[in-house]
Amino acid sequence: MSLTRLPPELPPPPEALLQSSSLFLDFDGTLVEIAATPDAVLVDAGLRDLLAALARHYGPRVAIVSGRSIAQLDALIGPVARMLAISGSHGSEHRFDGGEEKPLRPRSLDAVEARMRDAAARHPGALVEPKSFGVALHYRLAPGFEGEARTLVEALAAASGLAVQAGKMMVEARIPGSDKGVAVTRLMQRAGMAGTKPVFLGDDLTDEAGFEAARALGGTGILVGNPRPTAAAYRLDNPAAVRSWLAGGMA
Ligand SMILES: O=P(O)(O)OC[C@H]1O[C@H](O[C@H]2O[C@H](CO)[C@@H](O)[C@H](O)[C@H]2O)[C@H](O)[C@@H](O)[C@@H]1O
């Protein structure tokens with residue numbers, strides 16, 4: 001007989017968690033629903049209004065932490081993005097308090113992108129997403145391409161000194177040395193967040209580093225989506241539930 005161990009059911013987060021905490025918000029799958037392609041996500045007026053309200057209510061204690069680059073987030077969210085602290089590119093770059101911290105872009109990314117485009121051209125639906133400090137190969141619309149895509153990106157990353165970052169129906173070659181835990185730790189050093197407890201909301205496996213860093217700094221994590229083994233202590237069903245919980249905390 002085989003026993004399947006189910007992940008423990010996590011409770012919804014209490015609103016009280018928002019008091020005196022710093023908020024770290026993942027983007028895709030947490031603030032917006034997952035879409036067929038990276039450009040197809042719906043950033044509606046309701047989300048922009050919510051982010052602006054969070055910035056007014058919590059001041060410097062709100063940040064977006066994403067695998068997307070800051071440039072991509074600016075393009076999607078618009079001027080409201082500048083009201084919040086942001087860590088982009090899996091913790092590689094930060095913008096807060098009027099300043100920016102960015103690494104150098106490795107030149108090898110251009111050749112990696114060209115190789116990915118060659119491969120994607122042979123698989124209808126496959127998509128290459130150039131980013132500031134990485135290149136992602138998406139196979140959501142070409143699921144049969146997954147194995148080849150992973151093998152290719154692993155080989156390209158190994159040959160170029162880049163890190164492999166797996167995501168939802170995509171695999172990325174990116175600058176090494178950071179993750180969302182690094183982002184939380186960096187942003188928590190700012191005066192505006194110092195002395196507070198971090199609360200990290202995220203849906204993807206990449207968000208586990210954020211949950212762990214939040215816990216190590218005395219805070220906690222909120223998993224968004226279906227139950228799974230996680231370092232988070234609470235769970236919300238989807239981005240709509242996230243938005244509702246965040247709005248409720250300001251009521
Ligand atoms: O850290 P996040 O803010 O969650 O960003 C993670 C990646 O999100 C995007 O890809 C994912 O969302 C797309 C749109 O819903 C979807 O089409 C794709 O399959 C998902 O993997 C983004 O394109 C990546 O650059 C981010 O790293």
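Glu129 has Ala136 as its bridge partner in strand E7. This is a predicted model, in which local features need pLDDT of at least 70 and side-chain atom pairs count only at pLDDT 80 or more, while totals for chains, interfaces and linings use all residues. Residues are numbered from 1 along each chain as its sequence is written. Helices (H or I, at least four residues) and strands (E, at least two) are DSSP runs, numbered from the N terminus.

E6 and E7 pair in the antiparallel sense over five bridges; pairing requires that DSSP finds at least two bridges between two strands. They belong to an open sheet of four strands, ordered E6-E7-E9-E8, in which the pairing is antiparallel. The edges of this sheet are formed by E6 and strand E8 (163-167), each of which pairs on one side only. Neighbouring strands are turned by 20 degrees against each other on average, direction ignored. Helix H3 (residues 108-121) packs on the sheet and touches E6, E7 and strand E9 (170-174). The direction of H3 makes about 10 degrees with that of E7. Contact between two residues means that their C-beta atoms, placed from the backbone, lie within 7 Å. Axes are lines fitted to C-alpha atoms, for helices over the stretch in contact, and angles run from 0 to 180 degrees between N-to-C directions.

A further open sheet has eight strands in the order E5-E4-E3-E2-E1-E10-E11-E12, with mixed pairing. Strand E5 (99-101) and strand E12 (234-236) are at its edges with a single partner strand each, so one side of each has no neighbour in the sheet. From one strand to the next, the twist averages 20 degrees. Strand E11 (residues 220-224) runs parallel to E12 and is joined to E12 by three bridges. Within this pair, Val224 stands opposite Leu236 of E12. Helix H7 (residues 239-248) lies across strand E10 (197-202), E11 and E12, and runs at about 110 degrees to E12.

Helix H5 (residues 180-188) packs with helix H6 (residues 208-216) at an angle of about 35 degrees, and their axes are 6 Å apart. On the H5 side, Lys180, Gly181, Val184 and Thr185 take part in the contact, meeting Ala209, Gly210, Glu212, Ala213 and Ala214 of H6. The residues of this contact comprise four nonpolar, three polar and two charged. In this classification, Ala, Val, Leu, Ile, Met, Phe, Trp, Tyr, Cys and Pro count as nonpolar, Asp, Glu, Lys and Arg as charged, and the others, Gly among them, as polar.

The domain assignment gives domain 1 (16-103 + 177-248) and domain 2 (108-174), with bounds that come from an automatic or database assignment. The centres of the two domains, taken over C-alpha atoms, are separated by 25 Å. In domain 1, 15 residues are in contact with 13 residues of domain 2. The side of domain 1 that touches domain 2 has five nonpolar, eight polar and two charged residues.

The ligand is surrounded by 24 residues, of which Phe27, Asp28, Pro38, Ser66 and Gly67 are the closest; a residue is near the ligand if its C-beta atom, placed from the backbone, lies within 6 Å of it. Strand E6 (127-131) and strand E7 (134-138) are the elements that give two or more residues to this shell. By class, the shell residues are nine nonpolar, seven polar and eight charged. Domain 1 and domain 2 both give residues to the shell, so the ligand lies between them.
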